[in-house]
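Please look over the sequence and the structure before reading the notes. They are meant for a reader who is new to structures of this kind.

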Amino acid sequence: MAGLQPVRGTQDLLPDAHRRHRAVIETARGIAARYGYQEIATPIFEFTEVFARPIGVSSDIVSKEMYTFKDRGEEEITLRPEYTAGIVRAILSNGLTQSLPLKLFASGPMFRYERPQKGRFRQFHQIDVELIGVAQPLGDVEAIALGAEILDALGILKRTVLELNTLGDTASRAAYRAALVSYYDGHKGSLSEDSLRRLEVNPLRILDSKDEGDKRVNAEAPAFEAYLTQEAHDFFAKVRGGLDALGIAYQLNPRLVRGLDYYCHTAFEFVTTDLGAQGTVLGGGRYDGLMGIMGGPETPGIGWAAGIERLALLIDEPAGPQRPIVIVPLGEAGEAAGLTIAQSLRRAGFSVDLGYSGNLSRRMKRADKLNARAAIILGDNELARQVATLRDFDSGEQVEVPLSELEARLAPFR
Ligand code: ATP
Ligand code: MG
């Protein structure tokens, strides 16, 4: 029977769940458009190197979460675990670095081999925005403001805290890295296996560790602040000034380093306490080095991604589908007429459904289940007189209506 189960960590989006997903995507898409973002789609799988190199071997994603396989042509393929690298690849493949700045919006499935739990799946969905070719802190402010606006429109912003940090520029990070390495070297005995490995490849990652022992070591670790260059310090001050000007509240979190190798300067996450351990609903940052790492011209960028499943858990119930008008034929003539009446009403913009079989009461039950607004009952006698019975389910009223007037009489139910 294993074949009848969904794969662990995947789930079906049945209509109610799908409606919540769609509400999240449509809200985000509409607001992103107002900020000047255009929608794109990239393939769900890419050559493995598209993700492996920029995301970095020290990241959880590359070290243990990617769905990687050889296809039938012996190509190394990976199902996308995040958007940014694929979008940057698309920009380079299509020569779009000629038309900067680019403001791109995308939404779709992601794949990560993780331990499934509430708000954490192996196939999940993200909305994503990327602002490419803007080096100014204004870009960071606008990208964060867009995230806040979307969360607000979804009714979630007030349930989140915006956590903010800076990862500085290359010089800041080199100085801080050296300070961290010498600090952690003195605490090797207390670090987890994972963090000992991170110490070799990317010691900043240790700051982000969820291991209790690591957290105790981190509590005393040197802070980045002291190692920021003047430029990096000024950049961050401008980002904060912009957020202040827009009235966007944030909390500084010096432990926020985010999972990927390519981040610099601004890192941020909107976090809620309403989802247990899976509290981050939206996270992103600046990635000025990424385009270069991927073989393109040095180009600044900033972006973020939000988990649709997590957002969908937090929003209010979206409006249900439009209440249909249901056709209820009572005989053979009614069946035949019902088919064409349904079709012409649908073309006129009504939502129309059919009872497919059974007697009057069975078909009325189906109308009830569909939460129908009204029923058109087509008896053979009535049809002979070119009329139908219209039942308004809300008022309980039932009237005879000439077929030629049906559309006009139904107008309030459109
Ligand atoms: P986490 O710390 O929860 O693992 P992350 O840092 O790996 O998150 P990102 O790579 O920044 O997450 O992805 C952006 C957003 O995508 C997250 O904030 C979260 O809302 C969502 N997300 C990430 N991984 C999953 C997953 N396995 N299932 C569902 N949503 C996810
Ligand atoms: Mg993760």
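Predicted model: local features only at pLDDT ≥ 70, side-chain atom pairs only at ≥ 80, totals over all residues.

A ligand, called ligand 1, has 15 residues around it.

**The site of ligand 1**

- Of the 15 residues that surround ligand 1, the closest are R112, E114, R120, F121 and R258.
- By class, the shell around ligand 1 holds six charged, five nonpolar and four polar residues.
- Three strands, β6 (123-132), β10 (280-286) and β11 (301-307), each give at least two residues to this shell.
- Strand β10 gives the most, with three residues.

**Polar contacts and cover of ligand 1**

- The backbone of F121 takes part in one contact: a polar atom there lies 2.8 Å from a nitrogen atom of ligand 1.
- The side chain of Q126 has an N or O atom 3.1 Å from an oxygen atom of ligand 1.
- For R310, too, an N or O atom of the side chain is 3.1 Å from an oxygen atom of ligand 1.
- On its own, ligand 1 has 580 Å² of accessible area, and the protein covers 89% of this.

**The cavity**

- The count of cavities of 30 Å³ or more comes to one.
- The space in the largest cavity is about 30 Å³.
- Its lining consists of V88, I132, Y287, L290, M291, T299, P300 and G301.
- Six of these lining residues are nonpolar and two are polar, while no charged residue is among them.

**The second largest pocket**

- The volume of the second largest pocket is about 310 Å³.
- Its lining has 18 residues, and those nearest the centre of the pocket are R173, N202, L204, D261 and Y263.
- Helix α6, residues 170-185, supplies four residues, the largest share of this lining.
- The lining of the second largest pocket divides into nine nonpolar, six charged and three polar residues.

**Backbone geometry**

- Most residues other than glycine have a negative phi, and most peptide bonds are trans.
- Which form does the peptide bond from L100 to P101 take, cis or trans? The bond is cis, with omega near -5°.
- P101 sits in the loop that runs between α4 (84-93) and β5 (102-111).
- H265 is a residue other than glycine, and its phi is positive, near 50°.
- H265 belongs to strand β9, which spans residues 264-272.

Methods
Residues numbered from 1 in each chain as written. Chains lettered and ligands numbered in written order. Heavy atoms only, no water. Near = heavy atom within 4 Å. Polar contact = N/O pair within 3.5 Å; in protein donor to acceptor, adjacent residues only side chain to side chain. Areas by Shrake-Rupley, 256 points an atom, 1.4 Å probe, with all protein chains shown as cover. Nonpolar A, V, L, I, M, F, W, Y, C, P; charged D, E, K, R; others polar. 1 Å grid on protein atoms, 1.4 Å probe; cavity = no way out; pocket = protein on both sides within 12 Å on 5 of 7 lines; lining within 4 Å. Points joined across faces, edges and corners; volume = space filled by probe spheres on them.
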